[in-house]
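Work through the exercises below with the model open beside you. Try each task before reading its solution.

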Amino acid sequence: SGADLSRAELVDAVLCGADLNGANLFTANLSGADLGGAFLLGAKLEAANLSGANLSGADLSFAVLKGANLSQANLVDANLHKAILTKTNLLGAKLERAKYYKYTKWPDGFDPAAAGAIKV
């Protein structure tokens, strides 16, 4: 929790259920990483590469993902309460049953409900 992993190379890392609350992952490369069920509350993931990563069931509440690459990422059942996803690449991302709230910030023109996310 609170670790500084900025610019870390964590390609294909297995971090299931990891406590990364408040971690600094600025520009980290987490491509293909397994973060299923991970705790990323308030994590700083700006400009991070999460392409193809598994974030199913992860808690991304209050996480800052501005400019991150989430293409082909699995966010099924993720918690996106007050997450900041502006300028994020969500091409091909799976968002079924991901929970978001009115304060979650999405990329311009992105429709989370059409992608299967649920507003609570």
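**Exercise 1. Burial and overall form**

Task: Find what percentage of the 120 residues of the chain count as buried.

Solution. Apply the cut-offs: buried means under 20% relative accessible area, exposed over 50%, and partly exposed in between, with a 1.4 Å probe and protein chains only. By that test, 42% of the 120 residues are buried. The model is predicted: local features need pLDDT of at least 70, side-chain atom pairs count only at pLDDT 80 or more, and totals for chains, interfaces and linings use all residues. Residues are numbered from 1 along each chain as its sequence is written, and side-chain values use heavy atoms, leaving out hydrogens and water.

Next, the secondary structure. The chain has 0 helices and 2 strands. Both are DSSP runs, numbered from the N terminus: helices are H or I with at least four residues, strands E with at least two. The radius of gyration is 12 Å, close to the 14 Å of the globule rule for 120 residues, so the chain is as compact as a globular protein of that length. The radius is taken over C-alpha atoms, and the rule is 2.2 Å times the number of residues to the power 0.38. Along the principal axes, the C-alpha atoms fill a box of roughly 35 × 25 × 20 Å.

**Exercise 2. Contact range**

Task: Work out what share of the contacts with a separation of 6 or more comes from residues 24 or more positions apart.

Solution. Contact means heavy atoms within 4.5 Å. Take the contacts in the chain with a separation of 6 or more; residues 24 or more positions apart account for 1% of them.

**Exercise 3. The nonpolar core**

Task: Determine how many residues the largest nonpolar core has, and which have the most contacts inside it.

Solution. Start with buried Ala, Val, Leu, Ile, Met, Phe, Trp, Tyr and Cys residues, and join them through side-chain atoms within 4.5 Å. The largest such core has 35 residues. Those with the most contacts inside it are Leu-40, Leu-45, Leu-50, Leu-65, Leu-70, Leu-75 and Leu-80. In soluble globular proteins, nonpolar side chains tend to be buried together.

Now take two members. Beyond four places in sequence, Leu-45 touches Leu-25, Leu-30, Leu-50, Leu-60, Val-64, Leu-65 and Ala-68. Leu-70 is buried, at 1% relative accessibility. Leaving aside neighbours within four places, the contacts of Leu-70 include Leu-50, Leu-55, Leu-65, Leu-75 and Leu-85.

**Exercise 4. Positive phi**

Task: Check what phi Lys-82 has and what phi Arg-97 has.

Solution. Lys-82 is not a glycine, yet its phi is positive, about 55°. Arg-97, another non-glycine residue, has a positive phi near 60°. Lys-82 is partly exposed at 33% relative accessibility. Arg-97 is partly exposed at 43%.
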